[in-house]
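Visitor: Could you take me on a close look at one part of this structure? I would like to hear about the open sheet and what surrounds it.

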Amino acid sequence: MSELPAPRFHRVCATDDLWAGEMKEFTVAGTTIVVLRTDDGSIRAVQYVCPHQDYPLRNGDFDGCTLTCGAHLWEFDVETGRSINPDDAKLAMYPVEERDEFVYVAVDGIDPYHSHA
Ligand code: FES
């Protein structure tokens with residue numbers, strides 16, 4: 001039985017580059033992502049474009065819990081990646097580690113989701 005390889009984490013930013021309720025765009029190993037700090041202090045990393053029509057999610061609104069796309073206002077829970085409205089879409093979530101005052105994200109093998117138009 002073979003084991004999955006351990007995710008390869010890449011340094012993205014310093015932990016204090018993101019305050020609660022903030023989101024920023026980064027390109028990690030050729031993949032552009034959005035990194036967010038939630039109201040409870042957790043870091044999340046999600047796909048760069050909206051699964052609806054590929055609009056950049058960093059141009060939307062983040063209230064510390066819900067990410068709202070700026071194009072047609074689809075809403076996503078960044079804890080789970082699941083959409084709230086409509087309720088049948090989701091975001092790709094990238095593994096995140098915080099250590100030694102830096103944020104690391106793994107992107108290998110994770111593709112963005114696309115949904116109905
Ligand atoms: S492109 Fe995001 S809601 Fe339509």
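Guide: Happy to, and please keep in mind that this is a predicted model. Let us begin with the pairing of S10 and strand S11 (residues 102-105): four bridges join these two antiparallel strands. Within S11, Val103 has Glu98 standing opposite.

Between S10 and S11 runs a loop that holds Asp100. Although Asp100 is not a glycine, its phi is positive, at about 50 degrees. Most residues other than glycine have a negative phi. Asp100 counts as exposed because 9 other C-beta atoms lie within 10 Å, where 12 or fewer is the cut-off.

Stepping back, the open sheet has three strands in the order S1-S11-S10, with antiparallel pairing. Strand S1 (10-14) and strand S10 (96-99) are its edge strands, each pairing on one side only. From one strand to the next, the twist averages 30 degrees.

Leaving aside residues up to four places away in sequence, Val46 touches Ile33, Val34, Leu57, Val78, Gly81, Leu91, Ala92 and Met93.

One more backbone detail for your tour: Asp54, in the loop between S4 and strand S5 (61-62), has a positive phi of about 65 degrees and is not a glycine either. Asp54 is partly exposed because it has 13 C-beta neighbours inside 10 Å.

Methods: Residues numbered from 1 in each chain as written. Predicted model: local features only at pLDDT ≥ 70, side-chain atom pairs only at ≥ 80, totals over all residues. Pairing = 2+ DSSP bridges. Axes fitted to C-alpha atoms, helices over the stretch in contact; angles between N-to-C directions. Contact = placed C-beta atoms within 7 Å. Buried ≥ 20, exposed ≤ 12 C-beta atoms within 10 Å, placed from the backbone.
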